[in-house]
Amino acid sequence: MDITQLDTPSLLVDLDIMEANMRQVDDFAKEQGIAWRPHIKTHKSIEIAKLQMANGACGITVAKVSEAEVMVKGGIDNILIAYPLASRTKLERVAALLPLATIILTIDSEEQAAHVQQFFQPIDQEVEVWLKIDSGLKRCGVDPGEPTLRLAQYVSERCPNLKLKGLYTHAGHSYAATDYEQIERIGRYEGECIVASAQLCEEHGIPIEVRSVGSTPTFRISGKVPGITEIRPGNAVFYDAIQVGLGAATYSQCALRVMATVVSHRPGERLVLDTGSKSLALDQGAHGNATVKGFGHVVGHPEIVIQRLSEEHGVASIEGETSLRLLDRVQIIPNHACAVMNLFDKVHVVREGQVIDTWKVDARGHVQ
């Protein structure tokens with residue numbers, strides 16, 4: 001059916017744009033001779049994960065065990081859980097997945113490694129692990145260089161059930177960059193610190209098969225560093241207004257849209273859309289950097305700025321003249337696609353203005 005037959009607010013994904021985004025990531029990876037493992041917290045969809053695998057991805061990345069459970073049930077069998085786990089409850093759930101898929105765990109301290117080893121040793125089960133390196137975000141992760149080597153030695157010598165195969169990092173602080181030159185510096189260091197740490201480990205007899213990098217703003221930079229073997233961009237499947245603000249994408253590359261209706265109009269002053277914080281989220285930047293104007297980009301209407309959100313209302317100012325009137329519809333590129341996708345139960349798949357399918361947001365609300 002035509003998208004005009006949908007009620008609002010509705011979540012749309014332009015299939016042509018999304019597939020083009022996937023191909024661009026795959027083309028970049030092939031040019032560099034590396035793999036790509038997208039983070040599915042952006043889309044939380046089995047169908048989109050399958051499309052990414054069909055377009056060349058070697059596996060996927062998740063943030064939560066519950067996301068891994070959903071994806072394994074959907075047939076995805078190579079998953080990095082990019083989050084440090086230590087609790088018995090979560091490790092029991094991981095153990096239940098291991099006969100069904102390759103599940104890779106993250107280690108960022110000796111204490112955490114010991115907890116994971118203590119769980120897997122009595123059940124005589126091995127699990128692949130990668131070390132999380134802090135390349136500047138100052139969140140999770142061991143420092144690069146000697147601290148990484150010491151942790152690698154601990155895991156290799158003291159944790160026989162943990163099979164160390166890789167190092168990885170996430171340069172999320174690139175979202176706080178004030179210009180693209182800063183993103184380039186962050187991206188280069190992201191790749192270089194992983195490669196240098198891997199080389200140091202190998203000089204001490206610890207092979208490092210995988211060297212993985214890649215926030216969406218930096219993957220085209222860090223992915224070019226010699227020695228890197230994998231990138232993990234998540235948001236690049238959709239892009240969004242924050243990525244445009246950072247210079248990492250253009251609006252024409254933004255595949256995810258929220259369709260809204262004008263429900264109230266005060267000519268020359270303001271209009272109200274039926275999309276509030278429960279459909280657009282409240283993001284205006286990341287890591288302290290406001291990169292966008294308003295709460296979403298209204299496609300084709302630069303005179304409209306969504307100034308404030310309540311739960312169900314998007315209140316927009318009118319800067320100059322507008323053709324919009326009561327009951328007119330607009331499409332809004334969200335500031336942060338990942339947060340918006342998690343607000344909807346389903347996404348309508350659109351090609352040339354026609355709804356050709358509807359996909360469930362399978363891992364929506366899976367936070368454990």
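**Exercise 1.** How do the residues of the lining of the second largest pocket divide into nonpolar, polar and charged?

*Solution.* Let us start with what we are looking at. This is a predicted model, in which local features need pLDDT of at least 70, side-chain atom pairs count only at pLDDT 80 or more, and totals for chains, interfaces and linings use all residues. Residues are numbered from 1 along each chain as its sequence is written, and side-chain values use heavy atoms, leaving out hydrogens and water.

Step 1: learn the terms. On a 1 Å grid over the protein atoms alone, a pocket is an open set of points with protein on both sides within 12 Å along at least five of seven lines; a cavity is a set where a 1.4 Å probe fits but cannot get out; lining residues have an atom within 4 Å of a point.

Step 2: sort by class. Ala, Val, Leu, Ile, Met, Phe, Trp, Tyr, Cys and Pro count as nonpolar, Asp, Glu, Lys and Arg as charged, and the others, Gly among them, as polar.

Step 3: The lining has eight nonpolar residues, six polar and one charged. Among its 15 residues, Tyr 251, Lys 293, Gly 296, His 297 and Val 298 lie nearest the centre of this pocket.

**Exercise 2.** Describe the largest pocket.

*Solution.* Step 1: find its volume, the space filled by probe spheres set on grid points joined across faces, edges and corners. For the largest pocket this is about 790 Å³.

Step 1: look at the lining. It has 38 residues, and His 39, Lys 41, Ala 63, Arg 139 and His 170 lie nearest the centre.

Step 2: sort them. Twelve are nonpolar, 17 polar and nine charged.

**Exercise 3.** Which residues line the largest cavity?

*Solution.* Step 1: the search of the whole structure finds one cavity of 30 Å³ or more, and the space in the largest cavity is about 40 Å³.

Step 1: name the lining. Asn 21, Met 22, Val 25, Trp 36, Pro 38, Gln 52, Pro 233, Ala 236 and Val 237 line this cavity.

Step 2: class them. Seven are nonpolar, two are polar and none is charged.

**Exercise 4.** How many disulfides does the structure hold?

*Solution.* Step 1: a disulfide here is a pair of cysteine sulfur atoms within 2.5 Å.

Step 1: the count is zero. Cys 159, for one, is in no disulfide, and the nearest cysteine sulfur, that of Cys 201, is 14 Å away.

Step 2: Cys 201 is in no disulfide either; its nearest cysteine sulfur belongs to Cys 193, 12 Å away.
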